[in-house]
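Here are some notes on the pockets, cavities and surface of the structure shown below. They are set out as numbered points.

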Amino acid sequence: MSGIPHVLAVAGSDPSGGAGVQADIKSIMACGGYGMAALTALTAQSTQGVSAVHAPPTGFLRQQLDTLASDVRIDAVKIGMLGTAAAIDTVSAWLDALPERPPVVLDPVMVATSGDRLLDPEAERALHGLIARADVVTPNLPELAALVDEPVARDWGVALRQVRGLAARHDVLVLAKGGHLDGPRCPDALVGPDGPIATFDDERIPTTSTHGTGCSLSSALATLYARERDWPWATRLARAWVRRAIEAADALDVGRPGGHGPLHHAHALWSGERPPRRSAEPDAWWEDIAALRRELDEVWFVRQLADGSLDPARFAAYLEQDALYLGAYARLLERASELAPDSAESAFWAEAARRCVTEELALHRSYLAPGGADDGSSPHAAAPSAETAAYLAHLERAAQAGDHAVLVAALLPCFWLYQDLGARLASVSREGHPYAEWLDAYGDPGFASATAEAIAWTRRAARAASDDRVARMRAAFETSCRHELAFFAQTGATTP
Ligand SMILES: Nc1ncnc2c1ncn2[C@@H]1O[C@H](COP(=O)(O)OP(=O)(O)O)[C@@H](O)[C@H]1O
Ligand SMILES: Cc1ncc(COP(=O)(O)OP(=O)(O)O)c(N)n1
């Protein structure tokens with residue numbers, strides 16, 4: 001493959017260019033794909049509404065699809081307006097006949113923003129057969145309600161329940177879209193049979209230029225999935241791109257007042273930006289653990305540490321475990337230093353190991369045994385908890401494998417999560433706070449710059465690594481993040 005995915009839109013025509021295949025082709029191109037289109041229907045349509053629909057014979061639709069597939073590789077399919085049950089069945093049969101089915105995003109178009117019907121009411125049942133052949137379905141709230149045969153959801157909780165029912169019924173991913181909710185927020189969620197796998201929550205953009213948002217989002221999603229091969233990531237990128245296209249819509253002046261104008265599909269292209277891409281490792285891993293980071297903020301221990309109400313005995317228990325952890329962590333940093341590919345990086349990990357013992361362990365000592373010996377030993381002889389032992393075992397395994405890139409990825413969360421959390425905790429530090437010295441240490445600019453350097457070395461390792469090794473780095477990073485969460489949660493497992 002050339003790197004430019006071939007994306008086919010199977011959809012109707014909107015001569016005003018805001019929705020339908022016109023929006024699909026613009027979106028596919030803007031998101032870095034080569035756009036193709038097989039027409040299911042012609043509409044007479046403007047920003048004010050739809051005045052007529054003409055559906056060509058389904059035999060002709062099938063001929064378009066077969067002719068194309070016999071020549072061109074298809075990397076993803078976006079399906080939009082189908083109009084009739086016969087067109088739905090035609091597309092289903094064509095998908096079944098393909099030797100290998102490409103990823104399919106189905107936008108089950110039923111009614112336009114203007115309120116005009118774009119699918120025969122009796123065809124709604126036939127849609128279920130096509131949904132079962134799709135990878136992701138993107139109904140808006142009225143479409144979702146029709147598909148689950150319930151009233152239109154007016155709050156997000158009801159929408160999520162409906163979406164999960166649809167996902168479970170057909171074993172597909174369903175993108176719940178909040179565009180039709182009232183209120184200042186515009187949430188979306190990618191939901192599978194077991195519940196949400198990615199959630200998004202942004203402010204609603206105050207505009208009437210929302211004609212074709214669903215078409216544009218689903219085409220962007222198909223294109224970005226064909227490139228990134230990851231549904232949550234493709235959804236994140238597609239949503240971000242659509243939002244900016246809505247924000248930029250006022251630069252266009254299409255249609256008379258009172259209608260719904262189009263999005264500005266070329267907003268980024270015309271300012272010279274490249275199509276949306278997933279950020280490079282390890283930044284992408286960091287974005288992937290956003291939910292875990294939010295969970296960390298909610299851990300009972302962290303909240304009480306921040307507000308100063310934490311029982312000193314519990315803090316001491318945490319410090320004992322942390323001291324044990326840091327003693328071992330310092331040795332693993334030394335191992336990273338030995339494995340580093342050059343002297344500059346080697347010096348960084350060696351210095352990090354030294355600081356771990358002389359500064360961080362010394363701070364523990366000052367809390368646990370004020371005035372005690374400063375000989376680098378662990379300040380307390382507690383036994384490691386199950387959580388501490390599990391975390392260290394994971395790091396030891398990474399070190400023993402002798403793969404420098406995987407080891408530094410496993411070591412990184414201890415820098416990054418602490419620095420990130422520490423920056424927030426430092427902002428609540430004040431004179432008289434019982435844990436001020438602790439909070440200040442993790443908000444220390446020196447620790448922030450060491451964290452930035454650890455990220456940079458890991459980034460360099462990831463750039464040089466094969467896909468397989470990057471996957472192992474990512475797994476090591478994520479596992480360490482889960483251990484970090486368990487480590488914090490252990491002291492707060494039972495609330496007083
Ligand atoms: N006013 C708005 N501000 C921000 N995002 C919006 C707005 N309207 C729609 N969206 C987003 O556009 C996408 C399409 O949503 P929606 O309008 O519900 O679908 P449809 O166009 O199929 O009716 C979703 O990601 C939704 O969150
Ligand atoms: C030809 C055609 N296809 C689909 C739609 C509906 O577009 P959608 O993106 O769902 O956006 P709204 O128009 O509902 O905002 C259409 N109008 N025409």
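1. The largest pocket has a volume of about 930 Å³. The model is a predicted one. This pocket is lined by 43 residues, and those closest to its centre are T113, H180, T210, T213 and G214.

2. Several elements give two or more residues to the lining of the largest pocket: strand 1 (6-13), helix 1, strand 2 (34-46), strand 8 (185-192), helix 7 (213-228) and helix 8 (231-247). By class, the lining of the largest pocket has 18 polar, 14 nonpolar and 11 charged residues.

3. The second largest pocket has a volume of about 500 Å³. It has 24 lining residues, of which R236, E287, D288, A290 and A291 are the closest to its centre.

4. Which elements give two or more residues to the lining of the second largest pocket? They are strand 9 (195-203), helix 8, helix 9 (283-288), helix 10 (290-298) and helix 18 (467-491). Strand 9 provides the largest share, seven residues. Helix 8 is also listed for the lining of the largest pocket.

5. The lining of the second largest pocket divides into 12 charged, 11 nonpolar and one polar residue.

6. The largest cavity holds about 50 Å³ of space. Its lining consists of L305, Y318, Y418, L421, G422, L425, W438, Y442 and F488.

7. Helix 15 (404-426) and helix 16 (436-442) are the elements that give two or more residues to the lining of the largest cavity. Helix 15 gives the most, with four residues. In terms of class, eight of the lining residues of the largest cavity are nonpolar, one is polar and none is charged.

8. On the surface, M29, L269 and W270 form a nonpolar patch, and their accessible area together is about 370 Å². M29 belongs to helix 1 (residues 20-30), an element that also gives two or more residues to the lining of the largest pocket.

9. Is M29 buried or exposed? M29 has a relative accessible area of 52%, and it counts as exposed because the cut-off for that class is over 50%.

Methods
Residues numbered from 1 in each chain as written. Chains lettered and ligands numbered in written order. Predicted model: local features only at pLDDT ≥ 70, side-chain atom pairs only at ≥ 80, totals over all residues. Heavy atoms only, no water. Patch = residues over 30% accessible without salt bridge, like charges linked within 9 Å, V, L, I, M, F, W, Y side chains within 5 Å. Areas by Shrake-Rupley, 256 points an atom, 1.4 Å probe, with all protein chains shown as cover. Salt bridge = Lys/Arg side-chain N within 4 Å of Asp/Glu carboxyl O. Buried < 20%, exposed > 50% of the residue type's maximum accessible area, 1.4 Å probe, protein only. 1 Å grid on protein atoms, 1.4 Å probe; cavity = no way out; pocket = protein on both sides within 12 Å on 5 of 7 lines; lining within 4 Å. Points joined across faces, edges and corners; volume = space filled by probe spheres on them. Nonpolar A, V, L, I, M, F, W, Y, C, P; charged D, E, K, R; others polar.
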